[in-house]
Amino acid sequence: LYVEHPLGAGQSIPLTRDQAHYLFGVMRLGEGAAVLVFDGRNGEWLAEVSEAGKRGGTLVCREQTRPQQNPPDLWLLFAPIKKARTDFIVEKAAEMGAARICPVQTDFTNAERIRRDRLQAHAVEAAEQCGGTFVPEVAELARLDRVLADWPADRRLMFCDEALSGRASRLGAFFADQGARAAPWAILIGPEGGFSEAERARLAAMPQAVAVSLGPRILRADTAAVAALTLWQSTLGD
Ligand code: SAM
């Protein structure tokens with residue numbers, strides 16, 4: 001169970017209404033029951049239910065069961081699409097071990113705003129589901145040109161481009177070649193309408209950016225995100 005309250009021996013952890021409903025209503029736990037919790041920073045802890053109510057409750061943190069384990073430093077940048085597909089991308093990125101998930105507004109993205117809190121909740125659920133101790137941060141929606149203007153000098157940007165052809169430009173080949181290099185990485189996936197010429201020119205001029213292909217078929221943006229994350233996870237993931 002993910003809790004926002006920082007964990008440590010003897011800490012009392014207040015439960016939200018939803019957490020109380022899940023633990024006491026759905027899982028039918030009572031006072032004294034053991035629960036494994038994590039806060040995304042201090043590893044996994046064994047906690048005990050000290051108070052169980054319909055609308056809330058309290059856990060007491062006993063001992064650490066696993067140390068904190070953070071994934072390698074991969075960011076996923078993607079242009080938000082339809083709500084359900086955006087939810088899917090965030091969930092899969094969290095499962096696949098992205099460290100940071102950044103929705104970006106591109107020239108051909110319609111999204112004016114996103115529900116960051118909802119997307120963050122999906123990332124939490126995905127982290128709970130895969131038994132990790134880390135929850136990726138979902139960033140606020142930002143314009144791609146602004147994000148690129150502040151791009152860190154040492155972070156490689158894998159710009160997924162369906163217009164590329166040839167096996168040499170495939171992302172899998174790139175990761176396999178560069179496998180030994182411990183650089184921070186990012187993957188950029190465009191919207192349904194693809195990137196504009198201005199965005200392509202901007203990316204081509206960035207020394208950190210590398211245009212890569214995911215194969216000869218044009219994939220839907222959510223498929224492309226999962227394909228790119230899978231290739232990264234299978235070669236460089238931890
Ligand atoms: N507008 C484009 C078109 O119709 O030609 C298609 C955009 S595609 C649906 C959405 C995004 O997925 C692209 O911007 C790209 O980042 C990624 N993508 C899809 N297929 C890809 C491929 N074969 N190689 C690399 N990236 C791909």
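Of the 43 residues in the largest nonpolar core of this predicted model, Leu76, Met158, Ile187 and Ala228 touch the most other members. Such a core is a set of buried Ala, Val, Leu, Ile, Met, Phe, Trp, Tyr and Cys residues joined through C-beta atoms within 7 Å. A residue is termed buried if 20 or more other C-beta atoms lie within 10 Å of its own, exposed if 12 or fewer, and partly exposed in between, with C-beta atoms placed from the backbone. At least two residues of this core are supplied by each of β5 (74-78), α2 (83-95), β6 (100-105), α3 (116-129), β9 (156-160), α5 (171-178), β10 (185-189) and α7 (221-235). Helices (H or I, at least four residues) and strands (E, at least two) are DSSP runs, numbered from the N terminus. The largest share, seven residues, comes from α7. In soluble globular proteins, nonpolar side chains tend to be buried together.

Methionine 158 illustrates these contacts. Leaving aside its neighbours within four places in sequence, methionine 158 is in contact with Leu171, Trp185, Ala186, Ile187, Leu188, Val210, Val212 and Ala228; contact requires that the C-beta atoms of two residues, placed from the backbone, lie within 7 Å. A second, separate core of 14 residues includes Leu23, Phe24, Ala47 and Val49.

Helix α1 (residues 17-26) has Ala20, Leu23 and Phe24 as buried residues. Seen down the axis of α1, its buried residues fall within an arc of 80°, so they line one face of the helix; the arc is that of the directions from the helix axis to the C-beta atoms. Their cover includes β1, β2 (34-38), β3 (44-52) and β4 (57-66). On the other side of α1, Asp18, Gly25 and Val26 are exposed. Arginine 28, which follows α1, has a positive phi near 60°.

Leucine 7 belongs to the segment before β1 (12-15). Leucine 7 counts as buried because it has 21 C-beta neighbours inside 10 Å. Beyond its neighbours within four places in sequence, leucine 7 is in contact with Val37, Asp39, Asn42, Trp45 and Cys61.

Residues are numbered from 1 along each chain as its sequence is written. Because the model is predicted, local features need pLDDT of at least 70 and side-chain atom pairs count only at pLDDT 80 or more, while totals for chains, interfaces and linings use all residues.
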